[in-house]
Amino acid sequence: MADEDQIIETVDENGNVIKFELFDIVEVDEQEYALLLPVEEEEEGDEVVLMRLSKDGDEYLFETIDDDEEFDKVATYVENMEDEDEE
């Protein structure tokens, strides 16, 4: 069986379905966050979308991060990870 990319579909505030490729999962303060790459907007560059992961039974739920402080903390963590990878 071929190793398939993990594609996540979400619905934006306008009801449009957006497909993302699951790039990575990071854990910050015992909370998991997904790093998602838009599948169809390749001309936009490498815009990574951060979403909070929560588990409902066996299902993972992807939630937007509404708290600016929480978002900034996760974004800073991810940027620091990328800096460490380059060294």
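Close-up 1. Asp68 is found in helix α1, which covers residues 68-86; helices here are DSSP runs of H or I with at least four residues, strands are E runs of at least two, and both are numbered from the N terminus. This is a predicted model, where local features need pLDDT of at least 70, side-chain atom pairs count only at pLDDT 80 or more, and totals for chains, interfaces and linings use all residues. Residues are numbered from 1 along each chain as its sequence is written, and side-chain values use heavy atoms, with hydrogens and water left out. At 59% relative accessibility, Asp68 counts as exposed (buried is under 20% relative accessible area, exposed over 50%, partly exposed in between, with a 1.4 Å probe and protein chains only).

Close-up 2. Arg52, Glu63 and Glu70 are linked in a network of salt bridges, each defined as a side-chain nitrogen of Lys or Arg within 4 Å of a carboxyl oxygen of Asp or Glu. Arg52 meets Glu63 at 3.1 Å, N to O. Arg52 sits in strand β4 (residues 49-56) and Glu63 in strand β5 (residues 59-63), so this pair ties together parts that are 11 residues apart in sequence. Glu70 and Arg52 meet at 2.8 Å, N to O; Glu70 lies in helix α1, so here the tied parts are 18 residues apart in sequence. Arg52 is buried at 18% relative accessible area, and so is Glu70 at 15%, while Glu63 is partly exposed at 29%.

Close-up 3. Strands β1 (residues 7-11) and β2 (residues 17-28) run antiparallel and are joined by five bridges; strands pair if DSSP finds at least two bridges between them. Val11 stands opposite Val17 in β2. Five residues separate the strands, and Gly15 takes a positive phi near 85°. Lys19 forms a salt bridge with Glu9, the closest N and O atoms being 3.8 Å apart. Lys19 is in β2 and Glu9 in β1, 10 residues apart. Lys19 is partly exposed at 33%, whereas Glu9 is exposed at 52%.

**Close-up 4. The hairpin of β2 and β3.** Eight bridges join β2 to β3 (residues 31-38), and the two run antiparallel. Val26 has Tyr33 in β3 as its bridge partner. The turn has two residues between the strands, and Asp29 there has a positive phi of about 50°.
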